[in-house]
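Please look over the sequence and the structure shown here before reading on.

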Amino acid sequence: MSLKPPLRLGIVGTGSITLRGLLPHLSMDDVKDKVKVTAVCDPVFERSQAAAQKFGVRSAYASFEDMLEADEFDAVSIASPIGLHFEQGKLAIEHSKHVHFNKSMTTTVAEASELIALAKKNEVKLVASPGELINPRLQAIRKLINGGALGTLAWAVTGSSFGRYHEEEASVRQGDTPLSNINPAWYFRKPGGGPLYDMTVYGLHALTAVLGPAKRVTAFSGVRLKEREFMGQLLPTDMDDQTLMVLDFGNAFFSFVYGVAAGSLPNLGRPLIYGTKGVINGGMLNDKVIDYPRREVAEKKGYAASLPHVTGLHEDVEEAHVFEDVMQLVDWVLEDKPSLATAEHARHVIDIIESAYRSAETGQAQDLGSSFEVKGL
Ligand SMILES: NC(=O)c1ccc[n+]([C@@H]2O[C@H](COP(=O)([O-])OP(=O)(O)OC[C@H]3O[C@@H](n4cnc5c(N)ncnc54)[C@H](O)[C@@H]3O)[C@@H](O)[C@H]2O)c1
């Protein structure tokens, strides 16, 4: 079915990313001919109502099922806790909706494969965050490495740390209104919590975008902080908050990957890659700045500011990379422009994470069964 602009978008979950990223960007004037948010839902109904009112969204619901029944949208961004993404994504696809998944798309490969197959059957498009491959800096790094700028690759490192990031997202978590009192407890619980699915996922996407799929993984993992203090409460943490893994890309080329409770390398976990001719570290190849389109704006305003849809006022609004990923879906649906932020790439990263946990549990290295191709670069 071909759709006419503006694409009608629903949003599932009106928490931090919706309030700080999705709705501020998608309610800006310059996108209104292409996409319009027509419905939002959240089980905290006052939150979905307040979000709808603040950002001029026509309809607010207390559940995704009610929102689906009203049928006022063609595509949906799933912005709920990660452990809910699979069931909600499946429901959306079964209703023939195109879907943008905030990271991570699912928590298991089997779930990811089921969604990919169902989307194919129902002829809907899936875009899965984080769309690291869309970033011009990462594309330049990929080109440099493929062109031999690092010589023979030796090893790489990436990862992220929880720190106290989610407890301290002050504008949405530390107030006393429905839009400012969002409890981050799920980030520390099973299923879907932990730093790998939420944070290390960026570095893993970037690493595999540049180096291609990994072949094997081995890991140690566990819970280090048994509880976290948030606004005077103690939040229980039953999901691993410390995972150290080693990825095998074949031919004795390895990468060290971490997702930990505290302490991290610079560059938001984007990979450091070493070879016989030197190192790529952030935006530098050895002591030279790596050039790419709109580098100046990214240097001034941050990594996401050179993304293709992040222009004008979007450059200054938080979480622009998530807006970019939604616009990738919009362009794919309306103009048949496939995105590089594919569900297959996301599935491979989910395979790495799920297999790392299995390795830690069993004490055995795990073969990775999934793969992905980069088309269009
Ligand atoms: N917070 C960030 O910095 C950030 C950045 C980028 C992407 N993300 C991603 O966005 C997603 C949401 O994260 P967040 O930080 O906004 O979470 P959050 O905890 O701030 O908000 C989640 C919202 O989902 C709602 N919710 C719970 N159950 C639901 C259900 N069954 N249906 C619909 N909504 C439901 C909650 O009431 C809450 O309002 C995650 O995938 C996360 O990885 C978060």
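The model is predicted.

**Helix H10**

Helix H10 covers residues 320–335. At 1.5 Å a residue, its 16 residues should span 22 Å, and the end C-alpha atoms are 21 Å apart, which agrees. Because 14 of the 16 residues of H10 are buried, the helix is largely enclosed by the rest of the structure. After H10 comes Asp 336, which has a positive phi, near 55 degrees.

**Glu 324**

Glu 324 is found in helix H10. This residue is buried yet has no salt bridge. A polar atom of the Glu 324 side chain does, however, lie 2.7 Å from the backbone nitrogen of His 309. When neighbours within four places in sequence are left aside, Glu 324 is in contact with Ile 134, Leu 307, Pro 308, His 309 and Val 310.

**The ligand**

The ligand is surrounded by 30 residues, and the closest are Asp 42, Arg 47, Lys 103, Trp 186 and Tyr 187.

| Residue (backbone N or O atom) | Distance to a ligand oxygen atom |
|---|---|
| Ser 16 | 2.8 Å |
| Ile 17 | 2.8 Å |
| Lys 103 | 2.6 Å |

Definitions and conventions. Residues are numbered from 1 along each chain as its sequence is written. This is a predicted model: local features need pLDDT of at least 70, side-chain atom pairs count only at pLDDT 80 or more; totals for chains, interfaces and linings use all residues. Side-chain values use heavy atoms; hydrogens and water are left out. Helices (H or I, at least four residues) and strands (E, at least two) are DSSP runs, numbered from the N terminus. The expected span of a helix is 1.5 Å times one less than its number of residues. Buried means under 20% relative accessible area, exposed over 50%, partly exposed in between (1.4 Å probe, protein chains only). Lys and Arg count as positive and Asp and Glu as negative; His and the chain ends are not counted. A salt bridge is a side-chain nitrogen of Lys or Arg within 4 Å of a carboxyl oxygen of Asp or Glu. A polar contact is a pair of N or O atoms within 3.5 Å; within protein, one must be able to donate a hydrogen and the other to accept it, and residues adjacent in sequence count only if both atoms are side-chain atoms. Contact means heavy atoms within 4.5 Å. A residue is near a molecule or strand if one of its heavy atoms lies within 4 Å of it.
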